[in-house]
Amino acid sequence: MIHVDAQNQLFHLQTANTSYLFGLYKGVYPIHLYWGRRLQTAFPAMESFYDFSHAWRNLSAGDPAMGISLDTVPAEYSTFGSNDMRTPAFHAVYPDGTRLTELRYHSHTVYAGKRPLAGLPATYVECDDEAQTLELTLQDPVNGLRLVLSYTVFEQPDAITRHVRVENLTGDTVRLRSVLSAQVDFKESDYDFLHLPGAWLRERHPQRHPVFTGMQSVSSARGTSSCQHNPFFALTAHDATETHGDVYGFNLVYSGNFTAGVEADPYGTARAFIGINPFDFEYTLEAGDCFQAPEAVLVYSDQGLGGMSRIYHKLYRTRLCRGEFRDRERYIVVNNWEATGMNFNADTILRIGKKAAEVGVDMLVLDDGWFGHRDNDQSSLGDWYVDTRKLPNGLRALAEQIQAMGLKFGLWFEPEMISPDSDCYRAHPDWCIHVPNRTRSEGRNQLVMDLSRPEVCDYIIERLSAILDSAPIAYVKWDYNRNMSEIGSAGLDAAHQAELPHRYVLGLYRILETLTTRYPQVLFESCSSGGARFDPGMLYYMPQTWCSDETDAVERAYIQYGTSLCYPYCTMGAHVTTVPNHQVGRSTPLELRGHMAMQGQFGYELDLNNLNPDEIEKARQQIALYRRYGAVFHTGDLYRLVTPDSGMMANAFVAEDGRTVVMVVATLQATPNCPVKYIRLQGLEEAASYRCAETGTVYSGEVLMRVGVAYCPEREHVSRLLVFERV
Ligand code: DGJ
């Protein structure tokens, strides 16, 4: 997987279908050479391949030994201060106030497998022959600062992960201002930039535009990865589609402030980058200490967006998600949030549970409002003690009554938040993120707990453990409902204040590591006002994320489509809710709501007592269908046959063994007098025969893929689920 050509000073990283190459110019300076379709033949020596003559255009060579200006050569990892004028990946301030870092080759090592990142989530291997890792150590010859660039090659499923560790061997304090996780200098800039902007209720709606000369990036400085932007982007060939064309994906395994983008220069080259957002970032690294930047996951495919997505999906569902639920079918839940809000008592919940058990659901999830005196969103976050006004016999009694119905019991928390009206806040008014003598802006009447303080993290671990120990709780919904403002910590001195956002994320990860290790039998689902923290960092601890508070089936088609560009359907929580929909007021058939939800982690978020007998029967059928084909949705390969921008959507999920194909097709917008559409499947074997379970018709894979299946989108909000079994 990793070949080091010592004679030509080349490092050739090969996955099953890709090559990634860089070399050491004059034996010291790492220059990026190639990333794309796997090269089968030897690469020439860098000097005979690369045209360095234009490198004289700008400044003269800073370092005479190098003999070139670095401004127009593709750097493997750039630093601020010398003659590379583009935005650097690394920027630090030294005790004398200077900001120049020059990195030169020091050493390298290649080993089988992949090591964990200290304190941070990351992809992993289960045995060492699944991947190989190259660690390239670079050092500043003047001050001794070291950077270790780490590359792990997953031959299957075709991905390369990167991260950076800074080792302060300077003997002095160094102030880090930017330590990006990955940079790739492309020789051309004629690509499209595709990213996933959004907002509450309309998360991850893809945008794509040609790269222009200059900087284009997406970022978050909200303290969380956010719904406004996702730490994912792709550079695509202008003509790349779902099925063909070059696509380069970048994704950051991190849940805090990030930057991700591309800078195209006037010479037609492009620098792609991803990492912790340097804006408002500073980290003081004492002599002898290390700083670990998060992991970036890089995926190239010449099979278009679909090819890229399938690689991310496979890597994430098998080597990012962890724990006993990774490979297990999850629970079909009924959640009371859209049924009752916070206005419930034990009887209401038991009534919802009883009907859910009759219909065949696995678990009842009690959402917000069971603790403190939380009758609305104005109080009690932080007071993780049962509200005995609503649940007079406590949680254990309720959970056991639910269990007696044959259901498991799940519970909602929002552990990272504190309400000013709470005993916790009255006892510890400095436990929230705040700046002394300034307004503490509230979001949904709440403040953010300061997780950069170990004692605050310990309190959260203690309180949640106490609740989880107090009752048979099989599932936790972990919510997070506002962004950070007035970013200051009572636990950090002046020199370390700007470290708060990163230290917060480290504190959060420590809490999650502790709780998920302590309670391996509990399924954790991440949530953030819906899907405002849908990132690989959270998926490492919790194998599913509530995709959006927008539960309307049509809107979900768009949100789930955008999300699926990077994240697999098995990570998306998706529920059937009532009509008219609470968010947009639209009424859609129960079938469509079911078809949209069952592609993800399925459940109901309504009181099933309110369904008529016909609807109850349909719900039973949905549950049966999901039990039968859920594994295909969640472990099969996704092919997006029709994307929702066309007013229709069609997805096909092809089971790992290729024997079952489940296709969901839906009309999202009506077109009057619409012609019949022929939906061409993908991912089948041309010569194999497939029987349609609905009609009994047998088709060849070739016919299904070249001619297609007839679908008449005669009415708005019609949907069908077709199953093809190989015969
Ligand atoms: C926001 C979540 O996205 C909802 O599903 C629900 O849990 C509410 N918070 C509860 O406050």
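Start at the ligand and select Gly-530: in this predicted model, one of its backbone N or O atoms sits 2.9 Å from an oxygen atom of the ligand. Next, pick Asp-367, where an N or O atom of the side chain is 2.7 Å from a ligand oxygen. Then click on Asp-479; here the side chain places an N or O atom 2.7 Å from a nitrogen atom of the ligand.

Time to move on to the helices. Select residues 553-564, which form helix α10, along with α11; the two pack at about 20 degrees, their axes 9 Å apart. That angle is under 35 degrees, so α10 and α11 count as roughly parallel. Their crossing is left-handed. To see the contact, show Ala-553, Val-554, Ala-557 and Gln-560 on α10, then Leu-592, Arg-593 and Met-596 on α11. Coloured by type, this contact gives 5 nonpolar residues, 1 polar and 1 charged.

Look at the crossing of α11 and α12: it is right-handed. On the α11 side, select Leu-590, Glu-591, Gly-594 and Met-598. They meet Glu-615, Lys-618, Gln-622, Leu-625, Tyr-626, Phe-633 and His-634 of α12. Colour the α11–α12 contact by type and you get 5 nonpolar, 3 polar and 3 charged residues.

Methods: Residues numbered from 1 in each chain as written. Predicted model: local features only at pLDDT ≥ 70, side-chain atom pairs only at ≥ 80, totals over all residues. Heavy atoms only, no water. Left-handed = near helix turned anticlockwise from the far one by under 90°. Helix = DSSP H or I, 4+ residues; strand = E, 2+ residues; numbered from the N terminus. Contact = heavy atoms within 4.5 Å. Nonpolar A, V, L, I, M, F, W, Y, C, P; charged D, E, K, R; others polar. Polar contact = N/O pair within 3.5 Å; in protein donor to acceptor, adjacent residues only side chain to side chain. Axes fitted to C-alpha atoms, helices over the stretch in contact; angles between N-to-C directions. Parallel < 35°, antiparallel > 145°, perpendicular 65-115°, else oblique.
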